[in-house]
Amino acid sequence: IRVWQIAQTATLQAPLLGHSGIVYEAKWSPKEPNAIISAGSDGSVRLWDDRVSSFAQSATGPVKTLIAHQNEVLSIDWNPYNGLQFVTGSSDTLVK
């Protein structure tokens, strides 16, 4: 995952590395400005802290990794009322 700082100039922050395959979706939290979640073909959901990658000079890993499904996680979304909850959808036909 690549995060760009575009407030003043388009600057690439350190890449967020962790998924072993395709990243289908990544979303910023509506309540926590530094939290990003991502959904991947490896069946995992990863939680990232943007403050870590903002100051890192090399690639950074996730704060938390959850094996959410047995198949690829195709979609993810934050709970708009609770910045600590999210939902996932997978090709295993489950929503968690």
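Leu74 is partly exposed, at a relative accessible area of 37%. Here buried means under 20% relative accessible area, exposed means over 50%, and partly exposed lies in between (1.4 Å probe, protein chains only). The model is predicted: local features need pLDDT of at least 70, side-chain atom pairs count only at pLDDT 80 or more, and totals for chains, interfaces and linings use all residues. Residues are numbered from 1 along each chain as its sequence is written, and side-chain values use heavy atoms, with hydrogens and water left out.

Leu74 belongs to strand β7. Strands (E, at least two residues) and helices (H or I, at least four) are DSSP runs, numbered from the N terminus. Leu74 has contacts (heavy atoms within 4.5 Å) beyond its neighbours within four places in sequence. These partners are Tyr24, Glu25, Gly89, Ser90 and Ser91. Leu74 and Ser91 are separated by 17 residues in sequence, yet their C-alpha atoms are 6.8 Å apart in space.

Ser90 sits in strand β8, which covers residues 82–90. Ser90 is buried, because its relative accessible area is 10%. Apart from neighbours within four places in sequence, Ser90 touches His69, Asn71, Glu72, Val73 and Leu74.

Strand β7 spans residues 73–79 and pairs with β8 in the antiparallel sense, over six bridges. Pairing requires that DSSP finds at least two bridges between two strands. The two strands form a hairpin, with two residues between β7 and β8. Ser75 stands opposite Gly89 of β8. Trp78 has Phe86 in β8 as its bridge partner.

The structure contains one aromatic pair. Trp78 and Phe86 make up this pair, in an edge-to-face arrangement. Trp78 is buried, at 7% relative accessible area. Phe86 is partly exposed, at 29%.

Salt bridges were assigned where a side-chain nitrogen of Lys or Arg lies within 4 Å of a carboxyl oxygen of Asp or Glu. By this rule there are three salt bridges. Glu25, Lys27 and Asp77 are linked in a network. Lys27 is partly exposed at 25% relative accessible area. Glu25 is partly exposed at 22%. Asp77 is partly exposed at 37%.

Arg46 forms a salt bridge with Asp42. The closest N and O atoms of Arg46 and Asp42 are 3.3 Å apart. Arg46 counts as buried, because its relative accessibility is 12%. Asp42 counts as partly exposed, at 24%.

A nonpolar patch on the surface is formed by Trp4, Ile6 and Leu12. Together these residues have about 340 Å² of accessible area. Accessible areas come from the Shrake-Rupley method with a 1.4 Å probe; for residues, only the protein chains shown count as cover. Patches are made of residues with over 30% relative accessible area and no salt bridge; like charges are joined within 9 Å, and nonpolar side chains (Val, Leu, Ile, Met, Phe, Trp, Tyr) within 5 Å. Trp4 is located in strand β1, residues 4–5.

One backbone angle also deserves mention. Most residues other than glycine have a negative phi. Thr93 has a positive phi of about 70°, although Thr93 is not a glycine. Thr93 lies in the segment after β8. Thr93 is exposed, because its relative accessible area is 71%.

Definitions and conventions:
Rings of Phe, Tyr and Trp (its six-membered ring) pair if their centres lie within 6.5 Å; planes under 30 degrees apart count as stacked, over 60 as edge-to-face and the rest as tilted.
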